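Trainee: I would like a close look at a single part of this model, taken slowly and with the terms spelled out.

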Amino acid sequence: AELEDNSQIEPYTASREARVLFISAPFGSGHMRAAQAVCTALKEIDAGVKVEILNVFDFMNPVLGQLIIKIYLKILQWIPGLYGGMYGWGHSSKLALLTREIISRFFAKRMVKHIKKYQPTCIVCTHATPAGLIEYLSKNNCIDIPTMAIITDFVVHRWWVYPMINEYFVANQDMRDYLAN
């Protein structure tokens, strides 16, 4: 068989530039800093990639967002056991999954307009809450964008785990094994 002359065929190129949208939450400093560090690394690899970092509080009244952060910090300062109890409850309670769904629905509707305007080629979540928002939007056919999660915690909490997340990046084998099961 003879090979065709393909000299007239244009090579495939992406239809648009790479646009990575990072979504995080400002609880502690690690989640947002992880997003910033990965953005910096991406820009070093490819200076042409467009990156943007959002936090979930960008989609709510700023006073409410500041109040939530202040309450969170006061709980950590004054009654850290309460935070530990809430964390454990979120990891084991069936009611926690309903709470997660309500939170995702509330924020996702506010966030989808920005996602559609920015038109990312992929979304990276560095906090469990935005991963839930993306899950909600994907599940409800509001977006169809490859999504990744960088688990910035020391363990995989149940609120990180969503079927619609395409890839997970974790720090160790134990976390990988947890996600695989």
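Leaving aside its neighbours within four places in sequence, which residues is Met111 in contact with?

Mentor: This is a predicted model, in which local features need pLDDT of at least 70 and side-chain atom pairs count only at pLDDT 80 or more, while totals for chains, interfaces and linings use all residues. Residues are numbered from 1 along each chain as its sequence is written, and side-chain values use heavy atoms, with hydrogens and water left out. With neighbours within four places in sequence set aside, Met111 is in contact (heavy atoms within 4.5 Å) with Ile23, Phe59, Leu133, Ile134 and Leu137. Met111 belongs to helix α4, and it takes part in the contact of α4 with α5, as do Phe107 and Ile115 of α4 and Leu133, Ile134 and Leu137 of α5, among others. Helices here are DSSP runs of H or I with at least four residues, and strands are runs of E with at least two, numbered from the N terminus. The axes of α4 (residues 94–118) and α5 (residues 128–139), which are lines fitted to C-alpha atoms over the stretch in contact, with angles running from 0 to 180 degrees between N-to-C directions, come within 8 Å and cross at roughly 75 degrees. The two helices are therefore roughly perpendicular (65 to 115 degrees) to each other. Met111 is also among the residues with the most contacts inside the largest nonpolar core, which has 36 residues; such a core is a set of buried (under 20% relative accessible area, 1.4 Å probe, protein chains only) Ala, Val, Leu, Ile, Met, Phe, Trp, Tyr and Cys residues joined through side-chain atoms within 4.5 Å. The largest share of this core, seven residues, comes from α4.

Key. Angles under 35 degrees count as roughly parallel, over 145 as roughly antiparallel, 65 to 115 as roughly perpendicular and the rest as oblique. Buried means under 20% relative accessible area, exposed over 50%, partly exposed in between (1.4 Å probe, protein chains only).
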